[in-house]
Amino acid sequence: MDALQQLRDRIPGAATRLAAHVVPTRCFRLPNSTCWTKCEHEQHTGSFKLRGALNKLLLLDEGAAARGVVAASAGNHGVAVAYAASIRGIAATVVVPADAVAVKKRAIESYGASLVEADGGFAGAEEAGKRLAQRTGAVWISPYNDLEVIAGQATLGLELAHQLPMTSDGPTWTVYVPASGGGLVSGIAAALRWKAPEARVVGVQMAAAPYLHAYFHHGTVGQVNERPTLADGLAGAVESGSITFDLIAALLDDIVLVEEGEMLEALAWSLKLLERPIEPAAAAALAALRLQTGEGPAVAVLSGGNVDERLLERLVDERNS
């Protein structure tokens, strides 16, 4: 059975499993527009990552749970794993880049997880996390290269299909989804291919870290040169052999890139419209929605709201100046 069919088989169970633990986040219609936002930044722990992490941890048997879990994260996956581990009573260790956003590091520790910092950005944290899991016997919780994690993320797609009129006899919807390792965008796409097959699913990456964009359009990530980006949640390479490569090739309609300036403009714009701030990774999807040239309804998935305090202060100052 291929990865896509295995994923589809897991989505209904994930939806049932998570129903008592996640918030069905609202969809917000932008003023004078046929465009919407899916406000997943209002989810418990401040991001979509809770869906995948909790689905995975709820499935661990007692023997696996007793060994504890290890995750690597730029921040949000680590927060979600820490929260999910607290629900199960499981020991958790999260490895983050040394320059991870402070608010995310504090949240990880607030849920009782051990925090380890590693050099080398997300790639360095991921390698350090894998080594730690292998050495200690703990269960490795990938942020994207795991069908149970992706099935949890897919429940967001089920919500979208329920909340918005993505019917086959209406206009074609476009769904913009932030993409880093590919877990969220492939999960949403799998759910929508089931519930709203006419919808177009478009992954959004930063031009500074276009790994999945390069793979989707050129079949390789070998020529990607990553640059610094404020969208920490979209930074970092995808591990070799990840199941998300095949999933995005089978499910996505496109992957597009946005620039730092476009993301910053979307961040500032969102402060005027939404009740809670969004983080740069979420603003990437909003930027792509604002830049769309085609007609028809669209929705941007606002994947997280754990924004760096210094960046938020800067944006507020600029708005008030």
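The following dialogue explains how to read several features of a predicted model.

Student: What conventions apply to this model?

Tutor: This is a predicted model, in which local features need pLDDT of at least 70 and side-chain atom pairs count only at pLDDT 80 or more, while totals for chains, interfaces and linings use all residues. Residues are numbered from 1 along each chain as its sequence is written, and side-chain values use heavy atoms, with hydrogens and water left out.

Student: In what order do the strands of the 6-strand sheet stand?

Tutor: Strands of a sheet pair through backbone hydrogen bonds, either parallel or antiparallel. Strands (E, at least two residues) and helices (H or I, at least four) are DSSP runs numbered from the N terminus, and two strands pair if DSSP finds at least two bridges between them. Here the 6 strands form an open sheet, ordered β1-β2-β10-β7-β8-β9, with mixed pairing. β1 and β9 (254-258) stand at the edges with a single partner strand each, so one side of each lacks a neighbour in the sheet. On average, neighbouring strands of this sheet are turned by 25 degrees against each other, direction ignored; axes are lines fitted to C-alpha atoms, for helices over the stretch in contact, and angles run from 0 to 180 degrees between N-to-C directions. β8 (residues 200-206) pairs with β9 in the parallel sense over 5 bridges, and Ile255 in β9 is the bridge partner of Gly203.

Student: Which helix packs on this sheet, touching β1, β2, β7 and β10?

Tutor: Contact means heavy atoms within 4.5 Å. Helix α7 (residues 147-163) touches those strands, and its direction makes about 140 degrees with that of β2.

Student: What is the order of the sheet of 4 strands?

Tutor: That open sheet runs β5-β4-β3-β6, with parallel pairing. Its edge strands, β5 (114-118) and β6 (139-140), each pair on one side only. β4 pairs with β5 over 5 bridges in the parallel sense, and Val95 stands opposite Val116 in β5. Helix α5 (residues 102-110) packs on the sheet, touching β4 and β5, with its direction at about 145 degrees to that of β5. Helix α6 (residues 121-136) also packs there, touching β3, β4, β5 and β6; its direction makes about 155 degrees with that of β4. Strand β3 (residues 69-72) is joined to β4 by 4 bridges in the parallel sense, with Val95 as the bridge partner of Ala72.

Student: How many residues of β4 are buried?

Tutor: Buried means under 20% relative accessible area, exposed over 50%, and partly exposed in between (1.4 Å probe, protein chains only). In β4 (residues 92-97), 6 of the 6 residues are buried.

Student: Why is α12 described as largely enclosed?

Tutor: 10 of its 12 residues are buried, so α12 is largely enclosed by the rest of the structure. Among these buried residues are Pro280, Leu286 and Leu289.

Student: Where does α1 bend?

Tutor: The bend at a residue is the angle between axes fitted to the seven residues ending there and the seven starting there. α1 bends by about 30 degrees at Ile11, and Pro12 follows within four residues. Ile11 is one of the buried residues of α1, whose cover includes α2 (49-58), α7, α8 (183-195) and α10 (243-251).

Student: Is Ser33 buried or exposed?

Tutor: Ser33 counts as buried because its relative accessibility is 19%. Ser33 lies in the loop between β1 (27-29) and β2 (35-38), and its side chain reaches the backbone nitrogen of Cys35 at 2.8 Å.

Definitions and conventions. Polar contact = N/O pair within 3.5 Å; in protein donor to acceptor, adjacent residues only side chain to side chain.
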